[in-house]
Amino acid sequence: MKGEQAPVVAFDHAEDYDAHGHVQRQVAAWLADRLRDLPRPARLLEVGAGTGFLRRAAGALADDWLLTDLSPAMLARARGHLGDAPDLRYRRLDAAHPDIVEPPFDIVTGSLVVQWFADLPDGLARLFALVAPGGRLVVTTLAAGSFAEWRQAHADEALTAATHPYPTIEALAALRLGGIGPTVAMRTLHDRYPDGRAFLRALKAIGAGTPRPGHRPLGPAALGRVLRRWEANGCSICYRVAMLTFSRPAA
């Protein structure tokens, strides 16, 4: 299976996403607050919508909201939660390569999706190309420091975690889309679990268990040692979340 397809399959099978997506729900609520502070958009494109956390948090804040996801199963779950509304449309779309032929959008947004891009600057540039003059690209993404406790548990056993490498705040702030840099806001969130197995089950349930490309899975004995290390340190996971806002100048 191609690496870029692995997350799609994982999300297709994430039937318990809502029950375990605690941090995802909090980040969507944070993003919704940010969007409500902006002028009401006539047209909004949401990528990587999942089961609709952002729309549920933000409500009908655009005249036309195009809700998209690459996973057909996730789109179906979103529609099951949100139903149909005059301002709401659904479409399958690859956020990293959006093959969309429509007028530009006042807001293009996505909550915790762009960290899956194989090439973050290229993927963001493709999304920014869909933004109308005077509009904004507003996304949240994981940053360096996320899953620090899990990485440390591996390091304590002279092992390397399968978690993806995330960019530093400095690297995110240095991004340029058409010469335009972002405003960057940061939040640190924590999630706790009763034990390591519960953490691994939760990752699978939200479709986030796909290892970074080229990683060789740990054997049962090594995984058991890592789990015991992590449990001894409190069964907590840190999420460092960045919100990036790129504003296109008005024509």
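Buried means under 20% relative accessible area, exposed means over 50%, and partly exposed lies in between (1.4 Å probe, protein chains only). The model is predicted: local features need pLDDT of at least 70, side-chain atom pairs count only at pLDDT 80 or more, and totals for chains, interfaces and linings use all residues. Residues are numbered from 1 along each chain as its sequence is written, and side-chain values use heavy atoms, with hydrogens and water left out.

**View 1. Asp-33 and Arg-36 in helix 3.** The side chains of Asp-33 and Arg-36 form a salt bridge, 2.5 Å from N to O. A salt bridge here is a side-chain nitrogen of Lys or Arg within 4 Å of a carboxyl oxygen of Asp or Glu. Both residues belong to helix 3 (residues 22-36). They sit three residues apart, about one turn of the helix. Helices (H or I, at least four residues) and strands (E, at least two) are DSSP runs, numbered from the N terminus. Arg-36 counts as partly exposed because its relative accessibility is 41%. Asp-33, at 38%, is also partly exposed.

**View 2. The Arg-79 and Asp-84 pair.** A salt bridge joins Arg-79 to Asp-84. Their closest N and O atoms are 2.8 Å apart. Asp-84 has a relative accessible area of 59%, so it is exposed. Arg-79 has 41% relative accessibility and is therefore partly exposed.

**View 3. The Arg-91 and Asp-99 pair.** Here the side chains of Arg-91 and Asp-99 meet in a salt bridge of 3.7 Å, N to O. Arg-91 is partly exposed at 27% relative accessibility. Asp-99 is exposed, with a relative accessible area of 54%.

**View 4. A network of salt bridges.** Four residues are linked: Arg-43, Asp-64, Arg-89 and Glu-102. The structure as a whole holds 12 salt bridges.

View 5. Tyr-193 lies in the loop between strand 6 (183-192) and helix 9 (196-205). Tyr-193 counts as buried because its relative accessibility is 12%. Leaving aside neighbours within four places in sequence, Tyr-193 is in contact (heavy atoms within 4.5 Å) with Ala-198, Phe-199, Ala-202, Trp-230, Cys-235, Ile-237 and Tyr-239.
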